[in-house]
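Subject: Structure handover

Hello,

Here is the structure for you to look over. My notes follow below.

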Amino acid sequence: MRFVRSILSIALPAATLLATACSDDDPIGPDPDPVTEAVISANITTDRTLYSDTTYTIRGFIKVADGAKLTIQPGTVIQGDYNVLGSSLFVLRGAEIDAQGTAAAPIVFTSSRPEGQRQPGDWGGLIIVGNGITNRSGDVVLEGTGTGVENPQVTYSGGNNNGDSSGTLRYVRVEFAGYATAADAELNTFTFAAVGSNTTLEYLQALNGLDDSFEWFGGAVDAKLLVSYEAGDDHFDMSEGYSGRIQY
């Protein structure tokens with residue numbers, strides 16, 4: 001698979017560009033396309049786009065709120081802040097994510113630690129919560145949340161729309177995720193909680209997570225062309241009445 005080969009060879013060019021500064025006497029001059037850095041430390045409550053010329057650091061539990069849409073350009077790098085426990089990105093019920101990378105320019109979620117020092121569980125992961133149906137009644141606290149001030153509760157279930165859309169993930173890699181907020185309460189690399197069937201999940205790769213690579217809690221979203229490598233627990237885990245289809 002071309003995507004697998006290409007993304008495994010990526011060495012995060014953003015980090016390389018940041019580490020290579022031009023001196024005053026450099027005859028070549030400054031880099032014409034420098035990569036900048038930005039920190040996301042507040043919830044995303046209105047539509048926002050993340051750009052490929054910027055490396056973003058997620059600091060804490062960051063939530064894309066109901067009614068907001070997060071768009072991520074191909075080739076963008078998003079880091080979970082290792083120094084803020086459990087830093088994660090949550091796309092909540094009623095919100096959308098449009099993260100469409102390409103085989104040559106995947107979207108990468110990784111640890112903020114330097115390359116070579118990253119470990120499973122350095123940060124939380126990518127969590128999508130939809131309005132789909134589960135076989136549990138009422139709102140349920142999402143695994144790995146609600147264990148303290150830094151990790152407030154995130155709930156799901158209670159939905160009735162298995163045709164709901166939470167957006168699109170295509171050519172996205174998530175690595176070194178799965179932070180354990182408490183004993184036996186790890187976050188997963190990719191979590192899909194009650195996600196509806198009009199969400200698109202294609203060409204996704206999970207690398208070196210501390211817990212499950214892909215976990216579905218109910219819902220009916222289909223997924224295809226998934227790669228799981230070095231999972232700390234399950235590669236693929238489905239429960240609570242998940243009724244979608246998984247292929248390749």
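Confidence comes before anything else. This is a predicted model. The mean pLDDT of the protein chain is 87. Of its residues, 84% reach 70 or more.

Next, the open sheet. Six strands make it up, in the order β4-β7-β10-β14-β16-β18. The pairing is parallel. At the edges are β4 (61-64) and β18 (236-239), each of which pairs on one side only. From one strand to the next, the twist averages 15 degrees.

Inside that sheet, look at β10 (residues 126-129) and β14 (residues 190-193). They pair in the parallel sense over four bridges. V129 of this pairing stands opposite A193 in β14.

Now the nonpolar cores. The largest one has 37 residues. Which of them touch the most other members? They are F109, L169, F190 and F192. A second, separate core has 12 residues, and V129, V140, A194 and F217 are among them.

Leaving aside neighbours within four places in sequence, L169 is in contact with I97, A99, L126, I128, F190 and F192, among others. The list also includes T200, L201, E202 and L204. L201 is the bridge partner of L169 in β15.

Seven bridges join β15 to β13 (residues 167-175), and the two strands run parallel. Five bridges join β15 to β17 (residues 223-229), again with the strands running parallel. Here E202 stands opposite K224 in β17.

On to charge. The structure holds eight salt bridges.

- R170 and E202: their side chains meet at 2.9 Å, N to O. The pair links distant parts of the chain, with R170 in β13 and E202 in β15, 32 residues apart.
- E202 and K224: their side chains meet at 3.8 Å, N to O.
- E175 and R173: their side chains meet at 2.9 Å, N to O.

E202 takes part in the salt bridge with R170 and in the one with K224.

R170, at 23% relative accessibility, counts as partly exposed. K224 also counts as partly exposed, at 33%. The cut-off for buried is under 20%.

The remaining pair reads as follows. E175 is buried, with a relative accessible area of 6%. R173 is buried too, at 2% relative accessibility.

I72 is buried, with a relative accessible area of 3%. Not counting residues up to four places away in sequence, I72 touches L50, I78, I97, D98, A99, Q100, I107 and F109. I97 and A99 are also in contact with L169. F109 is one of the core residues that touch the most other members. The C-alpha atoms of I72 and G101 are separated by 8.2 Å. Along the chain, I72 and G101 are 29 residues apart.

If you open the model, I would start with E202.

Best wishes

How values were computed: Residues numbered from 1 in each chain as written. Predicted model: local features only at pLDDT ≥ 70, side-chain atom pairs only at ≥ 80, totals over all residues. Heavy atoms only, no water. Buried < 20%, exposed > 50% of the residue type's maximum accessible area, 1.4 Å probe, protein only. Contact = heavy atoms within 4.5 Å. pLDDT = per-residue confidence, 0-100. Pairing = 2+ DSSP bridges. Axes fitted to C-alpha atoms, helices over the stretch in contact; angles between N-to-C directions. Core = buried A, V, L, I, M, F, W, Y, C linked by side-chain atoms within 4.5 Å. Salt bridge = Lys/Arg side-chain N within 4 Å of Asp/Glu carboxyl O.
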